[in-house]
Amino acid sequence: MSRNLKGLVWLSSLLVVFGSAALIVVAILVDDHHPLSTLSPVGRQGKDIAALINPIFIVAGVVFFLVQGAVLALWWRYRVSGSDTGDGEFGYYDDEEFPTQTHGNNKVEIGWTLAPTVLLAVISVFTLITLFALDDVEASDEEMVVTVVGQQWWWEYQYHLDGNTSTPPDIVTANELVMPVGVDIPLDIKSRDVIHSFWIPKLNGKRDAVPGRSHDWVIQSEETGRFRGQCTEFCGLAHGYMKMVAVVLTKEDFAVWRDNQIAPAEMPTEGTEAHAGWQVFSQQCASCHVVNGVTSAANRGGESTEPDTWAIYQEHSSNDAGAYLGQDTLVAGAAPNLTHLMTRGTFAGSWYDLYLDAGNHIPYLDLADGGTLNRGELEAWIYNAPERKPAAANELRGMPARTSLSPQDIDNVVAFMSTLD
Amino acid sequence: MSITQRTITDPATIGTEDKLALPAGPAVATRPLGVFSRPQGSEGWTSWLFTVDHKRIGIMYGAAALFFFLVGGAEALFIRLQLATPNGSVIGAGTYNGVFTIHGVTMVFLVIMPMAAAFANYLLPLQIGARDVAFPRLNAFSFWCFLGGGVLLTSSIFIGGWFQNVPDAGWFNYAPNSGVLFSPHKGVDFYAVGLQITGIASLVSAVNLIVTVLNMRAKGMSLFRMPVLTWMLLITQFLLLFALPVITVALFLLMFDRLWDANFFNVAAGADPLLWQHLFWIFGHPEVYILILPAFGIVSEIIPTFSRKPIFGYHFMVASGIAIGFMGWGVWAHHMFTSGMGPLSVAAFSVSTMFIAVPTGVKILNWLATMYRGRLRFTTPMLYAVGVVSMFTIGGLSGVTHSIAPSDTQQTDTYYIVAHFHYVIFGGALLGLFGGFYFWWPKVFGYMLNEAWGKASFWIMLIGFNFTFGPMHILGLQGMSRRIATYRADEGFAFWNMVATIGSFVIAVGVLMFLWNVFFSTRAWRRAGKPDVGPDPWDARGLEWMTASPTPEHNFDTDIEVERFDDFWHRKYGRNEQGRIVRAAKAEDIAHDGSNTNVHLPSPSYWPLVLGGGISLVGYGLIFNLWIAALGLVFLVGALYGWCLEPADDPDAVHSHGAGHDDDDHSDLHSKPVAAEASHAEPDPDPDSQNEAVSSG
């Protein structure tokens with residue numbers, strides 16, 4: 001090997017080993033613009049996990065440098081280049097000095113069997129302590145339990161303000177989980193179709209939503225803000241587009257939000273655009289989407305005119321497609337409740353922003369008044385959702401297109417939706 | 001040729017010799033049905049179709065695995081193109097899901113496993129000094145069955161339109177997303193049926209190789225004189241033997257669910273989807289060790305050879321392999337820390353997973369100790385082997401970090417995991433297997449691969465590999481989920497994804513350079529008039545180097561008697577009066593030159609191919625139309641009958657290869673030692689046993 005090539009080889013091996021390590025360090029230092037990052041947790045549980053794993057990352061880093069350093073040192077110290085010896089490139093050399101033929105050393109072997117064993121035993125103690133501690137829910141005056149329901153490809157949140165999950169929920173909302181700051185919020189994670197996984201990286205690890213099962217989980221945030229999440233169990237076609245947001249408000253703001261959410265929507269005044277939009281919505285959308293107070297079983301061919309959110313969810317909490325209407329409906333049987341759509345910052349499984357200037361900065365409670373509606377995206381979504389986000393609407397999974405709607409119809413529907421704040 | 005009866009030995013003579021031996025006598029040859037003579041000859045392409053020679057089967061395994069590697073690699077490049085930028089639209093979400101699924105399935109089941117099978121088939125009999133595997137026809141069947149399953153799986157890419165019927169529920173294929181309701185096209189059927197077929201192949205092969213190692217070792221080759229590679233392959237076969245039935249059950253249930261509404265995984269009918277997860281990972285985790293242990297074995301052959309030292313801590317190397325083989329069964333649920341198991345289960349699997357790092361660490365340290373104070377020659381195989389030590393360490397360390405169950409709830413199903421298992425499976429298994437290609441290429445084909453191209457392609461591959469999968473650690477910790485078809489621009493994933501995509505194309509360049517090297521080296525060798533590379537070009541240690549290159553069809557001219565570990569090396573080297581190691585003999589003088597033309601070998605057979613083909617036809621039939629399955633069944637049953645009725649030794653057979661064979665003595669199973677070889681052959685106390693025929697399967 002020529003001198004230049006040898007230099008190149010050494011340079012590149014050093015680059016590979018130390019470059020990759022340096023990259024990780026840089027990545028940890030520059031963690032500003034990563035809304036899903038696990039490296040800068042703000043939740044109690046997330047911080048506990050980081051406190052456990054960060055020292056282990058350091059131990060692993062030390063082992064990494066020791067082993068890679070040993071490889072390079074052995075390489076450097078004991079290499080023999082082909083041109084240094086004998087007559088052939090690979091073959092034997094009769095006059096070659098052989099290294100001592102060590103076959104092993106039992107003491108050394110036992111030593112390096114025990115050393116990692118002890119190290120791992122220590123790590124396992126801390127792991128188990130954290131593992132069981134993460135199961136605890138800190139007591140607080142907040143009794144609320146949120147049932148989190150995954151389905152293709154969005155999340156629903158059912159708020160049980162009294163903590164009793166066997167009664168109808170007080171609030172049903174979608175995609176954005178709103179919660180007060182500083183309080184452990186117990187979650188009850190479920191699925192209506194396939195396995196999903198609920199994950200707000202800055203708050204806590206993930207928990208699978210498994211159909212037929214109910215999994216306890218808890219999240220908490222020590223700061224207010226909007227924290228992104230992502231479904232992390234592969235759940236079919238639009239898995240990557242199934243996102244969510246945890247919105248953490250001060251306790252006062254949360255109370256305002258909560259009281260607003262409990263109220264049903266108001267019927268638009270007759271003769272307005274919004275009323276025309278309500279009519280279109282009732283015919284085209286209300287077989288799946290509920291708006292408390294203005295859509296009801298009557299819109300779906302039933303008799304009662306009472307708001308019936310809970311009844312619907314009770315009826316098709318199983319996978320029986322179309323069971324409750326006697327007609328084909330979504331496999332999951334449920335679409336997002338839109339009662340307070342305009343109070344959310346995102347739509348379509350949090351894939352699209354509902355407001356153009358949303359981001360993480362505008363005050364959440366002012367969204368409906370202060371934001372600029374992302375009208376073009378919302379209209380495009382109503383008109384042809386499968387084009388805006390992958391869906392299998394023809395297999396009753398995801399929102400079907402409504403290309404029969406005229407531009408006027410869509411304007412009216414958006415006008416109706418704008419009243420849902 | 002007349003059919004003669006075997007003569008009965010007078011019982012009085014039994015035991016008068018050193019060992020119990022049946023006297024030599026004419027073969028019992030029958031021709032049931034009077035048709036279907038076994039195919040003959042070892043030349044021409046048809047001889048490859050009907051071969052039962054473990055070496056040819058090994059070569060075919062390797063070639064098929066390389067072909068599937070290119071398919072799986074192309075799929076990987078599409079994945080990287082789709083993810084290169086936010087809001088990627090190169091292939092779209094539906095196709096993307098199919099591509100990453102078939103990429104995983106291809107790389108695990110159709111690349112790493114058969115590549116390891118290539119080495120197992122070719123080397124295992126040679127390393128233990130045997131003529132062939134225990135059941136040569138069964139061995140051929142394993143290959144054809146694997147190929148049939150592989151073709152079936154791969155054909156899902158284009159049958160019914162490109163990516164219309166490709167499996168799209170992930171290689172882990174979690175229920176109920178793999179059910180008909182959520183994956184209505186035929187993709188998951190291909191998965192369920194195809195993997196059952198390749199599973200049959202692996203299972204049969206496992207039994208075959210276990211019997212081979214346990215029963216057919218050369219005289220004196222006790223278990224603890226076997227090379228580390230043989231040990232690792234043996235452990236791998238045991239893992240396969242016990243793991244494959246589990247996945248087969250799971251796939252069987254899945255197939256019944258999808259084809260005949262069996263409701264094993266239907267939640268609406270009361271099923272618990274965690275059943276699939278447990279079944280899959282009880283197979284799936286030992287599978288990880290099935291993928292990596294052969295590469296560990298290969299590294300354990302290469303590093304001593306190029307360090308000019310024996311492997312450090314041989315018994316610990318073997319024991320740690322066995323320990324991994326056992327502990328590998330107690331860690332499966334670490335794939336399920338977030339699936340809703342109770343904290344006690346999580347704690348148990350978390351701890352057991354941590355401690356599996358111990359035997360793995362022992363291996364790493366023993367390799368380093370082997371290099372310590374050695375004379376290290378960095379040939380291409382050595383580069384790959386040291387690459388495994390270095391890269392696998394990274395994968396092992398990230399593995400420890402997600403055995404920490406609480407932190408795994410942050411890491412699982414993110415790109416951190418993708419990074420981890422690519423460091424294990426690419427950085428560990430695949431680099432090791434590539435090192436094996438370079439190391440044993442001269443033994444298999446009779447010429448070396450070019451070293452300059454080999455080293456260049458190694459460095460390109462290694463650098464590309466680190467640029468592809470290194471950044472994925474960062475992406476995963478920054479919160480990028482696995483299996484997402486794209487990501488939003490404001491999530492901050494764009495930069496490292498672009499780096500990874502560029503890296504993946506650098507890997508592709510490295511792989512193309514390997515292929516060019518094969519072409520270039522072959523051409524150079526042909527142009528140079530096919531010079532003989534010699535039996536032992538690397539001055540290596542295993543018995544496989546004690547015969548001519550390429551290996552003669554009958555492997556060894558005479559039976560080998562082994563006296564210690566690394567026996568071949570000890571035949572080459574001794575100590576002088578000063579205790580200094582000196583060469584005692586040249587490899588050329590010790591190694592068998594393949595000149596013995598009188599070795600009785602099993603005849604080729606039509607039936608393994610027909611049986612393997614029949615099984616894949618049944619597979620297609622299950623997916624598309626049961627009438628095709630009926631046709632496949634006809635082939636299958638016909639092949640079974642043909643197999644059973646086939647004469648063990650065709651009386652018309654030319655027993656062996658090559659010219660100079662005396663066709664008149666073909667009934668003489670125990671042919672006499674050939675005088676010409678006596679000069680190089682080890683003196684053998686028992687000439688009668690020299691050319692014993694192997695079973696014909």
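Predicted model: local features only at pLDDT ≥ 70, side-chain atom pairs only at ≥ 80, totals over all residues.
- Chain A contains 10 helices and 12 strands, whereas chain B has 19 helices and two strands.
- In chain A, 43% of the 421 residues are buried; in chain B, 61% of the 697 residues count as buried.
- Take the contacts between residues at least 6 apart in sequence: in chain A, 63% of them join residues at least 24 apart.
- For chain B, the share of such contacts that join residues at least 24 apart is 81%.

**Helices 3 and 4 of chain B**

- Two packed helices are described by the angle between their axes and the distance between the axes.
- Here, helix 3 (residues 92-127) and helix 4 (residues 136-155) of chain B have axes that come within 11 Å and cross at roughly 160 degrees.
- Angles over 145 degrees count as roughly antiparallel, so helix 3 of chain B is roughly antiparallel to helix 4 of chain B.
- Helix 3 of chain B brings Val105(B), Leu110(B), Pro114(B) and Asn121(B) to the contact, and helix 4 of chain B brings Asn139(B), Phe146(B), Gly150(B) and Leu153(B).
- Sorted by class, this contact has five nonpolar residues, three polar ones and no charged ones.

**A look at Trp171(B)**

- You can find Trp171(B) in the loop between helix 4 and helix 5 (187-215) of chain B.
- Trp171(B) is partly exposed because 19 other C-beta atoms lie within 10 Å, and a buried residue needs 20 or more.
- Leaving aside neighbours within four places in sequence, Trp171(B) is in contact with Thr101(B), Gly104(B), Val105(B) and Val108(B).
- Trp171(B) and Phe109(B) are 62 residues apart along the chain, yet their C-alpha atoms are separated by 10.0 Å.

**Where chain A meets chain B**

- Across this meeting place, 88 residues of chain A are in contact with 89 residues of chain B.
- On the chain A side, the elements that give two or more residues are helix 1 (3-29), helix 2 (44-78), helix 3 (106-133) and strand 7 (207-209).
- Helix 2 of chain A gives the most to that side, with 15 residues.
- By class, the side of chain A that touches chain B has 46 nonpolar, 30 polar and 12 charged residues.

How values were computed:
Residues numbered from 1 in each chain as written. Chains lettered and ligands numbered in written order. Helix = DSSP H or I, 4+ residues; strand = E, 2+ residues; numbered from the N terminus. Buried ≥ 20, exposed ≤ 12 C-beta atoms within 10 Å, placed from the backbone. Contact = placed C-beta atoms within 7 Å. Axes fitted to C-alpha atoms, helices over the stretch in contact; angles between N-to-C directions. Parallel < 35°, antiparallel > 145°, perpendicular 65-115°, else oblique. Nonpolar A, V, L, I, M, F, W, Y, C, P; charged D, E, K, R; others polar.
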